[in-house]
Amino acid sequence: GTLALMWLVFAPQSPLNRNAPKPGGAPTAPTAPVTPSDAPAPAETPAPATVAAPSPRLASTSPAITDSLVALGLTAHIVGRSPYCRSVDQSLPVVGDLRAFDAERLTIAAPEVLFVQPPLAGVDPALREFCEKKSIRLVARRLESLTDIDALIDDIGGAFGVEPNVGGSTLERALGSARASIALGAKPSEGARRVLLLVSADPFLAVGHSTYLDELLAGADLRNILERNGYIELSAEALVSMKPETILGVAETVA
């Protein structure tokens with residue numbers, strides 16, 4: 001779900017971002033979301049050599065943030081990834097994931113900025129200490145709402161010393177367009193199409209209010225007909241009785 005949100009906000013091909021300028025380097029669209037397994041990267045895999053990249057050198061242990069960097073045309077800056085980051089060259093070193101980091105590979109990759117999506121417990125103190133010792137700028141950003149995505153835009157701009165701008169550099173314009181597409185606090189109009197958004201078909205799992213996907217619907221001027229909060233499992237009979245004008249689905253594979 002988070003990967004789909006990041007694509008909608010940042011990718012030039014997104015229906016919410018049709019007028020976004022294409023950043024330099026002709027980036028490819030992020031791959032479809034992939035559900036991570038619990039298996040860690042093979043311990044026996046040797047650490048790869050340092051990747052040549054322009055400054056600032058970036059590493060990311062969050063697939064959603066990695067996809068955002070790629071969509072903004074920043075692929076050449078990425079020198080480290082998680083095992084679940086599918087939108088970048090798979091030869092890039094795996095420097096960590098949600099639960100752990102690889103100090104040896106991080107040292108070899110030598111990023112100037114490390115993006116992480118921390119768990120509920122927060123950033124690993126050992127990682128914070130490591131980054132301070134190695135002079136790595138640690139950017140920790142949870143991604144649970146459009147407000148978080150808006151803050152990530154500033155995080156990325158800060159790493160490059162720029163601000164979102166409609167008339168600046170290519171990156172500044174791309175960040176500005178991403179921010180404009182978010183539509184924080186948007187409300188659907190009175191005549192907005194009534195839709196039901198599903199994230200699963202077996203069982204039917206629908207998106208309710210107080211979720212980032214509900215925020216996206218409002219930003220696209222669509223009215224969510226599920227008048228409940230969170231993610232709600234529905235029977236086929238309940239789904240039909242709601243009489244949605246349109247049913248939307250979020251999939252993990254390319255349609």
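This is a predicted model: local features need pLDDT of at least 70, side-chain atom pairs count only at pLDDT 80 or more; totals for chains, interfaces and linings use all residues.
**Ground rules.** I number residues from 1 along each chain as its sequence is written. Local features need pLDDT of at least 70, side-chain atom pairs count only at pLDDT 80 or more, totals for chains, interfaces and linings use all residues, and side-chain values use heavy atoms, with hydrogens and water left out.

**Helix 4.** I looked up residues 125–134, which form helix 4 (helices are DSSP runs of H or I, at least four residues; strands are runs of E, at least two; both are numbered from the N terminus). Leu127, Phe130 and Cys131 are buried there (under 20% relative accessible area with a 1.4 Å probe, protein chains only; exposed is over 50%).

I then checked the ends. At the start, a side-chain oxygen of Asp124 comes within 2.9 Å of the backbone nitrogen of Ala126. Ser135 follows the helix, with a positive phi near 60°.

**Cores.** The largest nonpolar core has 34 residues (a core is a set of buried Ala, Val, Leu, Ile, Met, Phe, Trp, Tyr and Cys joined through side-chain atoms within 4.5 Å). Leu69, Leu72, Phe115 and Ile156 have the most contacts inside it. Helix 5 gives this core its largest share, six residues. Apart from this core lies another, of 12 residues, including Val95 and Ile136.

Conventions:
A polar contact is a pair of N or O atoms within 3.5 Å; within protein, one must be able to donate a hydrogen and the other to accept it, and residues adjacent in sequence count only if both atoms are side-chain atoms.
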